[in-house]
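Colleague: I have not looked at this one before. Can you walk me through it?

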Amino acid sequence: MKKFLLSISVAMFIGVTSFAQETATVQTPKIDQKQWQHASIEKDSIYGVDTKDAIQFLKANKRKPSQIIVGVLDSGVEITHPDLRENIWVNPKEVAGNGKDDDKNGFIDDVNGWNFIGGKDGKNVDGDTLELTRLYVKYTNLFEKGADKEQNKSKFPEQFTEYQKVKNEFENKLADAKQGAAQYGQLSKVFTAAFPALVKEWGDKELNQKNMMSFQPQSQEAKQGMSIFAMLPQEAWEGKTMKDFTTSVLEEINEGLKYYKEQVDSNLNISLDPRSIVGDNYEDLTEHFYGNNDVDGPDALHGTHVSGIIAAKVGNGIGMDGIAGEGNVKIMSVRTVPNGDERDKDIANAIRYAVDNGAKILNMSFGKAYSPNKQAVWDAFKYAEKKGVLLIKAAGNDNVNIDEDVHFPTVYDTNGNVVSSNVITVGANTMDNKNLRANFSNFGKKSVDVFAPGAAIYSTVPNKDGEYKDLDGTSMASPVVAGVAALVWSHYPKLSVQQIRQVIVDSVNKNDQLKDISVTGGVVDAYKAVQLAEKIYKEKKLK
């Protein structure tokens with residue numbers, strides 16, 4: 001679910017797009033905004049998850065944590081990041097680098113997890129198509145090519161109906177991507193040409209109304225840069241330096257250009273088929289043993305950010321703190337998500353791998369609109385349920401009601417029945433109590449269980465010396481809940497998967513804005529969750 005998020009400063013130049021979003025942080029809370037997900041609604045008036053009070057409660061009740069493994073099914077994790085490396089799972093039965101399957105689990109040298117989108121030769125899938133593209137190619141071959149194309153339309157009426165929908169959606173999406181790439185390419189040229197001169201002439205003065213009114217640009221390039229400023233609202237640049245502002249805007253523009261170029265070159269490229277890199281028999285859903293042990297992969301930004309939210313080292317004075325507590329959680333990286341849509345076969349195998357190797361919680365910050373092999377994923381859900389493993393998944397970032405527009409993987413089968421009882425689906429909330437649901441977050445009275453902080457979340461990103469970045473998305477909200485679940489379950493390990501799920505959903509902080517767009521109508525709260533877990537332990541006389 002890697003999705004480019006556009007700020008208001010850049011959105012002003014290109015108008016509204018399907019993914020344009022503004023991080024809704026209107027309030028200025030008296031907390032560290034880089035750690036706002038830990039805030040307390042009672043003490044800070046911010047819908048964070050109140051991590052600090054939860055930890056204090058656990059200490060007061062003399063609860064000692066047991067180790068818990070969280071599987072991160074994602075793009076890969078930089079396991080050497082300074083804020084993560086002490087909290088990375090190490091397979092105790094595997095000898096690193098000896099080229100043998102020491103623990104006889106079918107995976108060679110799976111020391112820190114596994115990579116289901118890599119090949120035996122060490123190569124990795126980076127860019128991949130959307131499931132929409134794969135279906136478009138499949139149906140085009142069936143209904144537009146070959147001698148049987150007309151016969152196939154009547155022979156496969158349901159598929160032909162879906163093809164018409166897929167064809168329209170694919171063509172529209174490709175046209176939008178090409179337009180977006182052209183717009184961002186032009187913006188990049190304009191900014192690159194105009195802003196260096198503007199920065200030079202402006203100097204170190206603060207950007208404010210007074211300085212802006214008195215500034216007289218000299219060069220043609222600087223004048224062009226100032227004409228761009230006339231298009232921007234004051235809040236976009238107020239109080240910043242010209243250098244910092246233009247640098248951040250140019251970074252966003254280049255990110256937007258990269259996003260759209262990836263769509264054109266990879267996600268919507270009907271000629272791209274990187275699956276040969278993996279070397280499996282893709283059509284064989286019973287095949288489980290393929291891939292390699294490169295758990296970082298070529299682009300670990302998304303998975304590293306997710307992992308930091310869950311398990312960045314607490315109290316080390318760098319970056320930010322993970323939610324799950326100190327020393328009691330280990331991250332297992334299971335690389336499954338390329339720069340494109342994940343594949344059902346890989347997701348099913350990733351779930352089974354993580355479950356079989358000791359993970360008790362799986363974070364799944366991904367999703368897509370089509371799932372041709374959804375039964376394989378549902379079977380994996382049931383397998384995890386049978387093994388007592390909790391699945392936490394992101395609701396998606398399309399600002400739609402997923403009761404109506406299904407977001408896969410879903411916990412509901414084609415008849416609307418619940419597939420398994422071990423899943424929590426998470427929407428994203430903001431720091432702004434007046435606009436609590438993040439405006440990109442999917443929602444659903446039936447399909448979204450809870451909300452959690454997911455806008456402007458500061459966390460780890462790949463850099464051997466340690467780096468951090470704000471990202472938005474339900475991809476960030478899901479690991480917040482995974483972190484809360486890990487914090488609770490590691491201190492109350494005798495709870496069943498159904499009990500831990502119930503503790504999470506029953507302890508939310510309710511808000512009227514969420515009551516008609518989610519099952520619980522509330523935001524997850526770690527403090528209330530540990531209190532409820534403690535109550536269950538005492539009632540059942542557990543130790």
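Colleague: Where is the place of Pro409?

Modeller: Pro409 sits in the loop between β5 and β6. Helices (H or I, at least four residues) and strands (E, at least two) are DSSP runs, numbered from the N terminus. Before we go on: this is a predicted model, where local features need pLDDT of at least 70, side-chain atom pairs count only at pLDDT 80 or more, and totals for chains, interfaces and linings use all residues. Residues are numbered from 1 along each chain as its sequence is written, and side-chain values use heavy atoms, with hydrogens and water left out.

Colleague: Which peptide bond is cis?

Modeller: The one from Phe408 to Pro409, with omega near 0 degrees. Phe408 and Pro409 also belong to the lining of the second largest cavity.

Colleague: How many cavities does a search of the whole structure find?

Modeller: Two of 30 Å³ or more. On a 1 Å grid over the protein atoms alone, a cavity is a set of points where a 1.4 Å probe fits but cannot get out, and a pocket is an open set with protein on both sides within 12 Å along at least five of seven lines; lining residues have an atom within 4 Å of a point. Grid points are joined across faces, edges and corners, and a volume is the space filled by probe spheres set on the points.

Colleague: What lines the second largest cavity?

Modeller: Besides Phe408 and Pro409, the lining includes Glu342, Asp344, Phe366 and Lys368. The space inside is about 40 Å³. By class, its lining has five nonpolar, one polar and three charged residues. Ala, Val, Leu, Ile, Met, Phe, Trp, Tyr, Cys and Pro count as nonpolar, Asp, Glu, Lys and Arg as charged, and the others, Gly among them, as polar.

Colleague: And how much space lies in the largest cavity?

Modeller: About 60 Å³. Lys393, His407, Tyr412 and Ser447 are among the residues that line the largest cavity. That lining divides into four nonpolar, four polar and one charged residues.

Colleague: New topic. Is strand β3 mostly covered or uncovered?

Modeller: Mostly covered: β3 spans residues 329-335, and seven of its seven residues are buried. Buried means under 20% relative accessible area, exposed over 50%, partly exposed in between (1.4 Å probe, protein chains only). Val329, Ile331, Ser333 and Arg335 point one way, while Lys330, Met332 and Val334 point the other.

Colleague: Which strands pair with β3?

Modeller: Strand β1 (residues 68-74) pairs with β3 in the parallel sense over seven bridges, and Ile69 stands opposite Lys330 there. Strand β2 (residues 113-115) also runs parallel to β3, joined by three bridges, with Trp114 opposite Val334. Two strands pair if DSSP finds at least two bridges between them.

Colleague: Which residues have the most contacts inside the largest nonpolar core?

Modeller: Ile310 and Ile361, in a core of 62 residues. Helix α13 gives the most to this core, with eleven residues. A second, separate core has 41 residues, including Val166 and Phe170. A nonpolar core is a set of buried Ala, Val, Leu, Ile, Met, Phe, Trp, Tyr and Cys residues joined through side-chain atoms within 4.5 Å.

Colleague: What does Ile310 touch?

Modeller: Not counting residues up to four places away in sequence, Ile310 touches residues including Val70, Val72, Val329, Ile331 and Pro479. Contact means heavy atoms within 4.5 Å.

Colleague: Last one. Why does Lys62 count as exposed?

Modeller: Because its relative accessibility is 71%. Lys62 lies in the loop between α3 (51-60) and β1, and its phi is near 55 degrees, a positive value in a residue other than glycine. Lys62 and His491 are 429 residues apart in sequence and 9.7 Å apart in space, C-alpha to C-alpha.

Colleague: And Asp50, buried or exposed?

Modeller: Asp50 is buried, with a relative accessible area of 3%. Asp50 lies in the loop between α2 (41-44) and α3, and its phi is positive, near 55 degrees.
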